Every structure is written in C-alpha cells, then in structure tokens.
Amino acid sequence: MANILITGANGQLGTELRNRSFSLLDDVFYTDVEELDITNFKAICAFIETHDIDTIINCAAYTAVDQAEDDEEKAMKLNRDAVANLANAAVKLDCLLVHISTDYVFDGTSDHPYTEKDATNPQSVYGRTKLEGEQAIKKSGCLYIIIRTAWLYSGYGHNFVKTISRLASERDELNVVNDQWGTPTYAGDLAEAIISIMERDDLPELEGVYHFTNEGACTWYDFAKEIVAFTGANCKVNPVTTEEYPSKVKRPAYSILDKTKIKETFDLEIRDWREALKSCMATF
C-alpha cells in the first residue's frame, strides 16, 4: 500500500495517470497548482505530512520550449527550483521521488540512441533547466527515479498530434521538418509504465535515471504524415529542413533514446510509435 502524490496532474501525463488505475491498495492524491504550489517548500512538506505521502510523482514542468528562451526565470522556477523543493521534501519526510525529464538534456549530435550514461549537453533554456532539475534531485540525496521521455503527446492539452490534426482539417498543405529524428511517445503508454514501476516492492534498489519512449524512430514529417493519414484529411504534407523553419530554439537533430535499461529492469513491453498513435487517435 502506498500514498502517492501526483503533481502537475492537469497536464498530459497527469491526466493520463488519472484515467488509469493504480493498485486498489494505493491512495492517490492528484494535485496541480490550485491544490499545491510546488514552488512553496513549506506547502509541500505540509501536504506530505497531512496525507502521509510516501511517493511523489512529479509531472509538473514548464514545457513551452520556445517561450522559455524569453522567460528563463519562470522556466528555472518550475523546472529546477520546484524540483529541488520536492527532492528536499522527499529527503526530509522519507519519500520516493519519481520525476519526468526530457531528451532536451542532450545536444542531438549523437549517431546512436542515447543511453542513460551518455553525456548531457543541453542547447536550450528548456533543456538546461530540466537538466538542473535532475541535478538538484541527485544533489538532495533523496531516493529517486528519473524518467526521460521525448515527443510526448496525448488527447489532452497542447501537443503535436492535436495541432497537426487541427491544421490538416483547415489547410490543403502543411510544411513539416524532415531532418530532426526522434520517437513519438504516447503519454498513456508512459502512464502505464509508471504504474507498472510503482507496483515493484524493490524500488530502493532500482534508483537511477531511465529512458522511456515508444519504440521506433521517425522525423516530424513522418509523424505528421501518419497523423494526417489517421484523420483522413485531404491535406498534403511537405518535407522541409530545419533551416526553412526558423525557430529561436536549437532543437535536437537526433534525440532517439535507448530504452534497454528500463525494459530490462522493470520487464516492460513497449509498443511501436505507430501502434500507440493509432490508440490515441481512436480516443479523439
């Protein structure tokens, strides 16, 4: 039996966790900023003590990658400082902290799927603040599991799948970048993986950093074509280069994550990204 605190519960991953079932023996407390301000250390400690929390799953983050370049202070406050608060509270009150991180901690220049042992080198404010959040967790001395993911989408919130689905119904053509490689990740599958991990009774021995995405690899162009095909819209998708799609953020050209560690450690079976996309879009 566990008492689980989920932060950022109104986001994509938090909502997918709400839609799934933890163990019947667990009490799960879903919070977002209205219920718990994780930038307030005292508030976190009070909540943990009041509800006898033993596990924190942190789904909260500043994820507006472009906006972060102009609002570094806010990104730092949520991606680093709030995470440090959660980690220090976890140490003080003896909790496990499960934290969601990102492929943006890497620079995207690899020629192989990134493993958990590869050197980090973020190229954006978002990536740097997320990495500093990871470092704050490790520095705190709390018991932790950090899960890095990439290209997250769901039927909720703002994401690539929902945007392309909408634009395909409004336009005859779309231009999408075809030289950035990664793996789309259905938040529902990540939620299932987290719940499966929570069922283990040997988590203290399994502390560390893990990578999770769906299986396979594609470009944003490939991803968009699949989305449009599922919608049935009569919309042509054109491949373009990163240079033709100006952005203030340097996005990783290659951010495929190696999932060997998480699959072997927790005996997980992970779906191909196309199969996962089909499941998600069936809920639209």
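H4 and H5 are roughly parallel to each other, because the angle between them is about 15° and angles under 35 degrees count as roughly parallel. Before I go on, please keep in mind that this is a predicted model.

H5 covers residues 125-140, and its axis lies 8 Å from that of H4. The crossing of these two helices, H4 and H5, is right-handed. On the H4 side, the contact uses Glu72, Ala75, Met76, Asn79, Arg80, Val83, Ala84, Ala87, Asn88 and Val91. H5 answers with Val125, Tyr126, Arg128, Thr129, Lys130, Glu132, Gly133, Ala136, Ile137 and Ser140. Sorted by class, the contact of H4 with H5 has 10 nonpolar, 5 polar and 5 charged residues.

H4 has another partner on my list, H2. H2 runs over residues 41-51 and H4 over residues 72-93. Their axes are 9 Å apart, and the packing angle is about 40°. That angle makes H2 oblique to H4. H2 passes H4 in a right-handed crossing. From H2, the residues in contact are Phe41, Ile44, Cys45, Ile48 and Glu49. From H4, they are Asn85, Leu86, Asn88, Ala89, Lys92 and Leu93. The contact of H2 with H4 is made up of 7 nonpolar, 2 polar and 2 charged residues.

Next, H6 and H8. H6 is residues 160-170 and H8 is residues 220-231. The two pack at an angle of about 60°, with axes 9 Å apart, and are therefore oblique to each other. H6 passes H8 in a right-handed crossing. Phe160, Val161, Ile164, Ser165 and Ala168 are the H6 residues that meet H8. Across from them in H8 are Trp220, Phe223, Ala224, Ile227, Val228 and Thr231.

Now the empty space. Rolling a probe the size of a water molecule over the atoms shows where such space is left. The count comes to 1 cavity of 30 Å³ or more, and the largest cavity has a volume of about 50 Å³. The residues lining the largest cavity are Asp103, Tyr104, Trp151, Gln180, Trp181, Trp220, Arg251, Pro252 and Ser255. By class, that lining has 5 nonpolar, 2 polar and 2 charged residues. Trp220 has come up already: Trp220 lines this cavity, and Trp220 of H8 meets H6.

Last, a pocket. The second largest pocket holds about 340 Å³ of space. Its lining has 18 residues, and those nearest the centre of the pocket are Ala2, Thr55, Met198, Arg200 and Leu203. The lining of the second largest pocket divides into 10 nonpolar, 2 polar and 6 charged residues.

That is what I have; I will take questions now.

Definitions and conventions: Residues numbered from 1 in each chain as written. Predicted model: local features only at pLDDT ≥ 70, side-chain atom pairs only at ≥ 80, totals over all residues. Heavy atoms only, no water. Axes fitted to C-alpha atoms, helices over the stretch in contact; angles between N-to-C directions. Helix = DSSP H or I, 4+ residues; strand = E, 2+ residues; numbered from the N terminus. Parallel < 35°, antiparallel > 145°, perpendicular 65-115°, else oblique. Left-handed = near helix turned anticlockwise from the far one by under 90°. Contact = heavy atoms within 4.5 Å. 1 Å grid on protein atoms, 1.4 Å probe; cavity = no way out; pocket = protein on both sides within 12 Å on 5 of 7 lines; lining within 4 Å. Points joined across faces, edges and corners; volume = space filled by probe spheres on them. Nonpolar A, V, L, I, M, F, W, Y, C, P; charged D, E, K, R; others polar.
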